[in-house]
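Here are my notes on this one, point by point. Have the model open while you read.

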Amino acid sequence: MKSTLTCHHVLKTFSAATIVVALALTLWAQTPAVQAASDAPKQKPNIIVILADDYGWGSLGCYGAPATLKTPNLDRLAREGRRFTNAYAPSSVCSPTRFGLMTGRYDWRTRGDGGGVIGAFAPLQIQSNRLTLASLCKAQGYRTAAFGKWHLGIGDPPGTNWNKPLTPGPRSIKFDYFYGIAANAWNGPHAFIENETLLGRIPGQTVRVMENYIPTNYTTGIKEQYDTDLLMDEFTNKTKDWITENSSGPFFIFYAATAVHKPHDYHPRFSGSPYGKYGNFIEELDWCVGQILDHLDRLKLADNTLVIFTSDNGGVIYQGDPEIKYAMDAGLAINGPLRGGKHSEFEGGFREPFIARWPGKVAGGTVSDQVISVNDILATLAGILDVPLPNGNAEDSFNAWRLFTEENPGPPIRDHVIMHAANGTYAIRMGDWKLIERKAPKQNELYNIKEDVKEAKNIIAANADRAAQMQKILSEARNRGYTRPGAGK
């Protein structure tokens, strides 16, 4: 059934098939087969992956935000593409999700169980010989670029040396061009990085960076610190210029927004949101997405460009932050009805907005309730490009292309998704069920996410067998070293 789509409604909704997994089966037997390469469109579209920062599931119109929060461009993206309601980041904090996005591998397989964000001056976290979104596309003749917040480390161990060429970094994992910042906006070195160069250095002076997480950070040895109010504008303009220069295609862009992570600083053109500074920053993020979409239209590239929008983790709901508190007190449910937020092991920390648009390939105004992970973007692009995934790579990435295009919901592409909170707590979702693994098994929690999206009622006592089997599957997945069938070395 179709109806007119507004900012808060969609043309067509696919109901989620209830997936009941037989408890006696092993994980290997349960895992659906990976979509055959022959199902892929066998084209080379331009590809743009937009990753917002700390952007909550309920903070845009097409996911139910109040009409007084203006997100017309993200709503347009949903109107012209497919919106996923059960899309998950692999972590409830920044760096691990970025690692999963780039590599299709759970971050904890590389960094261990700690779960936290990497330091602002950490070395590059991705091995240069590991398959990444950029290396996959580059090997197929794409020009590749990354803009914005990196936060995957730069340099060799033990960490970044700002007084030398900044390598290894984004270009070491096959981005042709990088323009952005090393970590969060208030982390050093408070200057833009272009490829391996820290811009604006003063000749003969040593770059020294204040290493903490407060807005009064400063860096010596550079001519001028960037203005955090203008970061999103700068990244967007650089992205548009690069698209123009590479419009003969095909190209791949990773656009990593600083919005809506603190500091909530935005261009002066944005003001007046009833949700205060936080709302203004959301509206700038939306505007930047619109600038990219409009630029594709002007260059007549939209029809052959796959655009994916998602976030690295859920929104912050810490009431001690006055800007967050103001927005919430004004009526913004940052993560919608979901429990928790960034850093937590609950749905608000992991479930993300996820929208895909490719005119003529992905039906506009549609909604999918199928479970998908940010990790799946790598295998999905490999499927689109008809490229087999090499053993020992993309170990936790499943080809989701069918979910982008199916008219009616088919079987899931993955029987489970694993989540890892900032404090190291693991969770696993299987069908409608979610298990949170606590340090002591008797403290584990089990929720039926379909019936209890707020995770208000722990029903593990009445479903002990199911919980035990989910715990077993989670442990096997960790020990095996991969979850995608055939992904082992």
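1. A second one, of 2.8 Å, runs between the side chains of Glu445 and Arg438.

2. A word on what you're looking at. The model is predicted, so local features need pLDDT of at least 70 and side-chain atom pairs count only at pLDDT 80 or more, while totals for chains, interfaces and linings use all residues. Residues are numbered from 1 along each chain as its sequence is written, and side-chain values use heavy atoms, with hydrogens and water left out.

3. Back to Glu445, which lies in strand S17 (residues 445-448); helices (H or I, at least four residues) and strands (E, at least two) are DSSP runs, numbered from the N terminus. Why is Glu445 counted as buried? Because its relative accessibility is 13%, and buried means under 20% relative accessible area, exposed over 50%, partly exposed in between (1.4 Å probe, protein chains only). Leaving aside residues up to four places away in sequence, Glu445 touches Phe346, Lys434, Leu435, Ile436, Arg438, Asn458 and Ile460 (contact means heavy atoms within 4.5 Å).

4. Now the salt bridges (a side-chain nitrogen of Lys or Arg within 4 Å of a carboxyl oxygen of Asp or Glu). Searching the whole structure turns up 29 of them. One of them pairs the side chains of Arg98 and Asp312 at 3.1 Å, N to O. Arg98 and Asp312 are both buried.

5. Have a look at Arg105 and Glu395 too, whose side chains form a salt bridge at 2.8 Å, N to O. Here the partners are 290 residues apart: Arg105 is in the loop between H3 and helix H4 (108-111), and Glu395 in the loop between helix H10 (376-384) and helix H11 (401-405). Arg105 is buried, as is Glu395.

6. Arg414 and Asp376 make another salt bridge, at 2.7 Å, N to O. Arg414 belongs to the loop between H11 and strand S14 (417-420), Asp376 to helix H10, and the two are 38 residues apart. Elsewhere, salt bridges with shared partners join Arg76, Glu80, Asp294, Asp297 and Arg357 into one network.

7. On to helix packing. Helix H7 (residues 276-298) meets H8 at an angle of about 85°, their axes 6 Å apart (axes are lines fitted to C-alpha atoms, for helices over the stretch in contact, and angles run from 0 to 180 degrees between N-to-C directions). H7 is therefore roughly perpendicular to H8; angles under 35 degrees count as roughly parallel, over 145 as roughly antiparallel, 65 to 115 as roughly perpendicular and the rest as oblique. Gly276, Lys277 and Tyr278 of H7 make the contact with Glu323, Ile324, Tyr326 and Ala327 of H8.

8. Helix H6 (residues 231-245) packs on H7 at about 10°, with axes 10 Å apart, so H6 is roughly parallel to H7. Residues in the contact include Met232 and Ile243 of H6 and Phe281 and Trp287 of H7.

Conventions
Polar contact = N/O pair within 3.5 Å; in protein donor to acceptor, adjacent residues only side chain to side chain.
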